[in-house]
Amino acid sequence: MILAIETSCDDTCAAVVTAAGEIRSNVISSQGVHDRYGGVVPEIASRHHLELLTAVIDDALARADGTFADVELVAVTQGPGLVGALLVGVASAKALAAALGLPLAPVDHLQGHVAANFLGPEPFEPPFLCLVASGGHTFLAHVTSHDRFEVLGRTLDDAAGEAFDKGARLLGLPFPGGPHLQRLAETGDPSAFALPVARRLDGLDFSFSGLKTALLYKLRDFEAGATETPLADLAASYQHAIVEALANRIEQAIERTGVERVAIGGGVAANGPLRARVEALAASRGVAVHIPPRELCTDNAAMIASAARYVEPLRGDAFLALDAYPTGSHAL
Ligand code: KG4
Ligand code: ZN
C-alpha cells in the first residue's frame, strides 16, 4: 500500500492507494478558514496543515482498514505550491519514512493532476491529451507515458481556476469562487452576454485576463444604470466563455496531433458545464474520453499516490535532503 500526503495549498490530504491504483481511502480536510480573507493566507494554511495532518493520516489508514505496518511506500507532493504548506507535508513524509524504514517518492503536483486519470476502477492509459486546469495552473498536455507529458499550450496570464475565483469575487461570491459561480450560473442564460473567448491566440495557449476585465466593465455599466444587475446571466455567460476557451483548445489539439483520446484534471475539471462540454465534444468526434470523479479533480492525495507509482523512490538517508519547490514544475 502507498500512503500519500498532499499539502500544497489549503487542503490537508492523505490517501491510501494500492500499487494497482485501487483507492482504499482518500481523506480531504478543507481548512475552511480562508474564505473570510477572500483567498488562501499562506501562513494560516501552514499552521492548519501542522494541526490537521496527523489526524488526517490516521483517518486515511483507519478508513483503509490498515496500519503503518501495511504501508510499503510513502509519497508526498514536493511542489509546486505554497512553500510553507508543502514543507509541512515533506517534513512529515520524511519523518514517517525514516521511522518506518520505508522509501519515499517525491511527486510533482501537476503530474498528480494528470495521474488522477490512472486510478481505478477504470484507469485511462497513455497516450492521451490532458487539459489540466486548476487554481494556479492551466495547460494542455500530450501525456506520452505514465511519468511524462509534453505541454502543447499554457495560459499566458491567469489560470482558469483563478479566472473563476476572480470573476466570482467581482460578482460578490465567497472564496473559492468556482463552485459558487457554477451554482449562480445555473439560473442564468449563458448566451445573455457575449464575453471574449480569446479564440484568436496563436497555437494552443490560453488567456483569461481580458475576460475578467470584460466582466468588470459590464458590472460597472449596470451599477451606473437604472436596471438591476443580472448576476445569474453574467455568471452563466462568464462561465460559458471559460468553458468554450478550454474546449476550443482541446478540439484544436485533437486536430493538430491526431491523438483521439482526451482527459481532464485539476479543480476546474470539477465544473459541471466543462465536464458536459468535454463529454459532448468527444462524443461528436468519436474520441475516447476520461473524466475523473470530481473529488479526484480537486486537490487530493490519491492522485499523488497514483503518480508515485511511476516515480523512482528515494531510500535510506537519500530523502532526508529533499526540499520543497514553490514554483516551476519537474513535470513541465
Ligand atoms: O486543483 P485545485 O483543487 O487546486 C490547485 O491546485 O489550484 O483547483 C482549485 C481551483 C479553484 O480556483 C476553484 O475555484 C476551482 O478549482 N474549482 C472550480 C470548481 N471546483 C473547483 N471551478 C469551477 N467550477 C467548479 N465546480
Ligand atoms: Zn491542484
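This is a predicted model: local features need pLDDT of at least 70, side-chain atom pairs count only at pLDDT 80 or more; totals for chains, interfaces and linings use all residues.
Start at the metal. Three protein residues donate to the zinc ion (ligand 2): His 109 and His 113, each through NE2, and Asp 299 through OD. These donors lie 2.0 to 2.1 Å from the zinc ion. Read along the sequence, the donor spacing is H-x3-H-x185-D. The pair His 113 and Asp 299 therefore links distant parts of the chain, 186 residues apart. His 113 belongs to helix 3, which covers residues 109–115. Asp 299 sits in the loop between helix 9 (294–297) and helix 10 (302–308). Are these two residues, His 113 and Asp 299, buried or exposed? Both are buried.

Now turn to ligand 1. Its space is the largest pocket. Helix 3, helix 4 (160–170) and helix 5 (177–185) each give two or more residues to the shell around ligand 1. In total, 18 residues surround the ligand. The closest are Gly 135, Asp 165, Gln 182, Gly 267 and Asp 299. Asp 299 is also a zinc donor.

For Gly 267, the corresponding distance is 3.0 Å. His 109 uses its side chain: an N or O atom there is 3.2 Å from an oxygen atom of ligand 1. His 109 also donates to the zinc ion through NE2. How much of ligand 1 does the protein cover? On its own, ligand 1 has 550 Å² of accessible area, and the protein covers 87% of that.

Methods:
Residues are numbered from 1 along each chain as its sequence is written. Chains are lettered from A and ligands numbered from 1 in the order in which they are written. Side-chain values use heavy atoms; hydrogens and water are left out. Donors are N, O and S atoms within 2.8 Å of the metal (3.2 Å for Na, K and Ca); water is not among the atoms, so sites may look incomplete. Helices (H or I, at least four residues) and strands (E, at least two) are DSSP runs, numbered from the N terminus. Buried means under 20% relative accessible area, exposed over 50%, partly exposed in between (1.4 Å probe, protein chains only). A residue is near a molecule or strand if one of its heavy atoms lies within 4 Å of it. A polar contact is a pair of N or O atoms within 3.5 Å; within protein, one must be able to donate a hydrogen and the other to accept it, and residues adjacent in sequence count only if both atoms are side-chain atoms. Accessible areas come from the Shrake-Rupley method with a 1.4 Å probe; for residues, only the protein chains shown count as cover. On a 1 Å grid over the protein atoms alone, a cavity is a set of points where a 1.4 Å probe fits but cannot get out, and a pocket is an open set with protein on both sides within 12 Å along at least five of seven lines; lining residues have an atom within 4 Å of a point. A molecule sits in a cavity or pocket if more than half of its atoms lie within 2 Å of its grid points.
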